[in-house]
Amino acid sequence: MIMATWSCRYLLQRGARVLSLRAAAESPQQAVFCVRTVKTVTWFDEHLTKENQEYMRESMAEEFRQQTAAKLNPLIDEPWQRHQWTEGSRRVGLIAVKLGMSPLWTKTGERHVVTMLQVQDCHVIKHLTKEENNGRSDGLLVGGKNASPFHKSESEMELFRNAGVPPKQKLSIFNVSDNALIKPGTPLYAAHFRPGQYVDVTAVSIGKGFQGVMKRWGFSGQPASHGQTKTHRRPGASGAGEAARVVKGKKMPGQMGNKYTTVHGLKVWRVNTKHNVLYVNGSTPGHRNCLLKVIDTKLPTRRSTVLNPPFPTYFTEEEGDLDEDLYDDNMFAPTDDSLTFT
């Protein structure tokens with residue numbers, strides 16, 4: 001596959017002098033300026049028939065399935081040393097896809113809105129030592145959602161080949177404690193989190209463009225009449241005061257959204273182990289089908305919900321097959337009877 005973009009420009013010269021547009025306009029003689037641009041871009045399936053394109057995609061999908069199946073039992077092939085959960089341990093997080101929002105009800109009839117996050121083809125790619133990470137703690141490079149190898153560089157493909165997993169669409173580094181290290185190539189599931197605990201979700205928020213203070217910060221604006229002239233939606237005085245300058249962080253017009261945002265303390269109401277779907281309380285940043293990072297919450301008041309979780313992650317060889325749906329104790333299961341007669 002050759003992907004190249006090149007352009008060539010030819011200038012008609014008069015002797016040793018190159019004629020420009022400005023010089024040609026000033027010169028009494030008529031000058032000719034010729035520009036020729038040739039652009040060639042070749043994609044991997046551009047010159048393939050429709051049947052060959054389908055065959056190529058099916059073969060890649062089958063290869064990805066074989067690679068994934070070979071990594072389903074990472075403890076059989078030279079497992080790493082396992083440790084027990086202790087207070088202050090930090091586990092790895094997950095990369096999930098935002099599916100959308102849905103309502104659910106508690107046993108007392110309260111209605112809650114949840115966001116469905118699906119964990120698709122999430123694997124540990126590489127272990128980063130303290131020197132390679134940030135100098136303070138070890139890190140685990142995690143990838144989520146398989147991607148086409150034709151859109152990855154050779155250095156990235158070498159990283160995936162060393163881990164023995166298909167190429168991933170998103171890579172993220174999670175800081176972990178020394179007793180929570182996981183062997184590269186280990187698959188991560190939604191059962192990594194359990195109903196009742198709280199998580200933090202990080203993603204790129206939806207971009208709104210350049211917005212004013214009323215939309216960006218919720219300002220009420222200025223009066224619509226009584227001498228107001230073209231200042232109805234303006235912020236007003238910046239409030240410099242004695243500092244004779246505008247302080248940092250002042251709420252002013254600017255870019256809204258399209259930046260990494262973290263929502264803390266979202267409760268996990270339900271976990272579907274068959275389709276690897278997490279049902280977390282409330283809304284999360286990002287648009288539908290975006291990729292998010294999900295970790296154990298860092299809120300001190302919610303840390304008690306992370307006691308004795310699957311450590312360092314959920315392994316099917318040890319815990320066996322779980323129920324298809326795991327519910328919080330206070331959640332009403334859709335399969336239960338809504339009415340009982342006495």
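A pocket, as the term is used in this talk, is found on a 1 Å grid over the protein atoms alone: it is an open set of points with protein on both sides within 12 Å along at least five of seven lines, and its lining residues have an atom within 4 Å of a point. The model before you is a predicted one, in which local features need pLDDT of at least 70 and side-chain atom pairs count only at pLDDT 80 or more, whereas totals for chains, interfaces and linings use all residues. Residues are numbered from 1 along each chain as its sequence is written, and side-chain values use heavy atoms, with hydrogens and water left out.

Let me start with the largest pocket. Its volume is about 360 Å³, a volume being the space filled by probe spheres set on the grid points, which are joined across faces, edges and corners. Seventeen residues line the largest pocket, and F174, N175, I295, D296 and K298 lie nearest its centre. The elements that contribute two or more residues to this lining are β7 (168-176), β9 (198-204) and β14 (291-296); helices (H or I, at least four residues) and strands (E, at least two) are DSSP runs, numbered from the N terminus. By class, the lining comprises four nonpolar, six polar and seven charged residues. Here Ala, Val, Leu, Ile, Met, Phe, Trp, Tyr, Cys and Pro count as nonpolar, Asp, Glu, Lys and Arg as charged, and the others, Gly among them, as polar.

I turn now to the strands. Two of them pair if DSSP finds at least two bridges between them. β9 and β14 are antiparallel and share four bridges, with V201 opposite V294 of β14. β14 is also joined to β3 by four bridges, again antiparallel, and there I95 has K293 as its bridge partner.

From β3 (residues 94-105) we move to β4 (residues 111-118), its antiparallel neighbour over eight bridges. V97 is partnered by Q118 of β4. Five residues separate the two strands of this hairpin, and G109 adopts a positive phi near 95°. β4 in turn runs antiparallel to β13 (residues 277-281), with five bridges between them; M116 faces Y279 of β13 there.

What aromatic pairs does the structure hold? There are two, where rings of Phe, Tyr and Trp (its six-membered ring) pair if their centres lie within 6.5 Å, and planes under 30 degrees apart count as stacked, over 60 as edge-to-face and the rest as tilted. W85 and F311 are edge-to-face, at 5.6 Å centre to centre and 80° between the planes. W85 sits in the loop between α2 (50-70) and β3, and F311 in the loop between β14 and α5 (316-319), so this pair ties together parts 226 residues apart in sequence. The second pair, Y189 with Y314, is also edge-to-face, at 6.0 Å and 80°. Since Y189 belongs to the loop between β8 and β9 and Y314 to the loop between β14 and α5, the pair ties together parts 125 residues apart in sequence. W85 and F311 are both buried, as are Y189 and Y314; buried means under 20% relative accessible area, exposed over 50%, and partly exposed in between (1.4 Å probe, protein chains only).

Finally, two loop residues. T186, in the loop between β7 and β8 (187-188), is buried at a relative accessible area of 2%. A polar atom of its side chain lies 2.6 Å from the backbone oxygen of K183. Q197, in the loop between β8 and β9, is buried at 4%.

Technical notes:
On a 1 Å grid over the protein atoms alone, a cavity is a set of points where a 1.4 Å probe fits but cannot get out, and a pocket is an open set with protein on both sides within 12 Å along at least five of seven lines; lining residues have an atom within 4 Å of a point. A polar contact is a pair of N or O atoms within 3.5 Å; within protein, one must be able to donate a hydrogen and the other to accept it, and residues adjacent in sequence count only if both atoms are side-chain atoms.
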